[in-house]
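Student: Could we go through this model together and test each term against its cut-off?
Tutor: Gladly, let's begin.

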Amino acid sequence: MYSRISSVFSYSQPKQYEMFNQVLLILKLFGVVFRQATSHLQDLVSSFIHRQTYKPGTNPKNIVVVGASFAGYNAAKTLVNCIPSGYRVIVIERNSHFQFTWVLPRFSVVDGHDMKAFVPYAPYLRAPSGSYSWIQDTVEEISPSEEGSGQGQVRLSSGETIDYEYLLLATGSMAALPSRVGYVDKEDGTRALRVQQEKIALSRDIVVIGGGPAGVEIAADAKDRYPDKNVTLIHSRQTLLNDGFGMKIHEVLSKALSGLGVDLIMGEKPAIPSSDTGHIELSDRSIHFDCLIKCIGQKPNISLVKFASAFSKSGYIRVKPSLQLDDERYTRIYVAGDVIDAGDIKNGRSSMQQGQIAAKNIVHSIRGRKQIQYQQKWWEGLTKLTMGLSKSAAYISDGSAELVISSSSNVDLDSKRVWKFLGATPYVDPTAKIQG
Ligand SMILES: Cc1cc2nc3c(=O)[nH]c(=O)nc-3n(C[C@H](O)[C@H](O)[C@H](O)COP(=O)(O)OP(=O)(O)OC[C@H]3O[C@@H](n4cnc5c(N)ncnc54)[C@H](O)[C@@H]3O)c2cc1C
């Protein structure tokens with residue numbers, strides 16, 4: 001395993017500032033790591049004390065969390081470790097397992113690791129007894145009552161209804177492989193990954209549409225795994241990735257893709273064929289494909305809050321800095337993660353941060369304390385992208401300088417560490433129902 005700071009780039013600033021920006025960014029990163037470690041330590045101490053003092057009581061009030069991925073799972077963990085006695089958390093998640101998105105492009109190409117993308121929901125919550133219950137189901141409807149501040153009821157697919165005092169919505173985005181699994185159960189999800197692997201293995205001309213993180217990663221992996229196949233990546237913009245990423249990472253990634261032999265086509269937005277084989281028409285040529293991988297069109301899951309008037313122009317849920325729904329009628333509804341309009345950065349780190357703040361604000365509201373104001377921070381944008389089967393690049397920018405750190409990577413992208421972080425034993429899947 002190696003690691004190398006390949007480049008630090010300052011946005012067209014005089015040369016003499018480059019070194020200053022470089023040192024400043026690295027120092028700021030150390031500062032962030034220190035603050036995070038201190039706050040983690042404080043949380044450990046306060047959750048230990050909470051475990052000794054918390055009592056659910058006979059008829060606890062419900063705080064319902066909808067969706068348990070990066071935002072919702074972390075929100076639930078925060079809540080169960082600081083809710084006042086007399087409250088309990090009810091987590092409602094439709095998937096059987098935590099679906100680890102980061103490895104999906106890799107496991108759509110490489111076989112033998114599918115199950116590692118499905119982490120059992122396990123003791124990540126480390127909660128005092130009676131502080132939560134877990135329901136695997138889909139929330140079909142949220143009905144806030146006419147009076148009050150948004151407390152109400154959720155209706156599940158099973159028909160069951162659950163009253164809530166507070167609601168935390170973390171429903172994220174929907175997409176197909178390789179961006180999201182698109183299946184509820186692990187069995188169907190692993191099968192979908194194997195079908196995708198087989199499609200790629202049997203094809204000759206692979207076309208990937210969309211040069212966001214998923215598109216870049218799957219194109220590089222496919223070409224690295226099958227050097228004899230033709231792999232083309234088509235992106236609508238002139239730079240790879242999306243808002244929130246700068247020029248330097250574009251340069252590093254395009255060099256890596258070209259080095260592998262991926263045909264990179266920028267600034268083209270062709271009509272997307274619906275067939276499995278055919279031709280893509282570009283402005284100056286036509287490209288044959290027998291495997292088409294669409295890495296575009298992720299959509300936020302916003303339908304549950306259709307009752308509110310809090311949507312941004314881009315189709316995300318608008319929130320206040322406190323992460324309450326931006327609609328005065330529903331101050332007891334909080335929203336976090338990819339589904340909200342909170343800045344350019346949409347990633348797991350940012351979603352976890354928002355989940356934690358929304359959870360703390362619910363507790364602050366119960367205790368009559370001031371709400372914490374969330375503002376997206378530059379360090380939430382720290383992202384690691386693979387560049388073929390054995391290399392990756394970590395990217396960070398504070399707006400003044402960009403840092404790209406190249407390193408080697410394992411074929412399963414260190415899935416083990418994520419399992420452990422989520423409280424699961426790699427790769428043991430008890431699939432037992434969990435109950436706090
Ligand atoms: C290929 C790829 C690579 C990535 N790599 C990185 C990376 O390296 N680093 C990084 O930080 N981020 C990365 N990301 C981004 C990261 O995966 C997302 O930002 C993150 O998943 C968002 O988390 P979330 O909790 O907001 O929503 P999601 O992960 O979309 O999860 C939403 C959850 O809500 C549940 N849900 C939705 N509706 C309902 C309902 N009605 N009832 C019950 N449950 C419901 C879903 O089942 C799901 O579990 C990557 C994303 C992709 C696609």
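**Contacts and pairing**

Tutor: A polar backbone atom of Lys 384 lies 3.5 Å from an oxygen atom of the ligand. Taken alone, the ligand exposes 1000 Å², and the protein buries 93% of that (Shrake-Rupley areas, 1.4 Å probe). Bear in mind that this is a predicted model, where local features need pLDDT of at least 70, side-chain atom pairs count only at pLDDT 80 or more, and totals for chains, interfaces and linings use all residues. Residues are numbered from 1 along each chain as its sequence is written, and side-chain values use heavy atoms, with hydrogens and water left out.

Student: Which residues come nearest to the ligand?
Tutor: Ser 69, Glu 93, Thr 101, Asp 338 and Gly 348, out of 33 residues around the ligand; a residue is near if one of its heavy atoms lies within 4 Å.

Student: Why are S15 and S16 called paired?
Tutor: Pairing needs at least two DSSP bridges. Four bridges join S15 (residues 278-281) to S16 (residues 286-289), therefore they pair. Strands here are DSSP runs of E, at least two residues, numbered from the N terminus.

Student: How do the two strands run, and what do they form?
Tutor: They run antiparallel and form a hairpin with four residues between them. Gly 278 stands opposite Phe 289 in S16.

Methods. A polar contact is a pair of N or O atoms within 3.5 Å; within protein, one must be able to donate a hydrogen and the other to accept it, and residues adjacent in sequence count only if both atoms are side-chain atoms.
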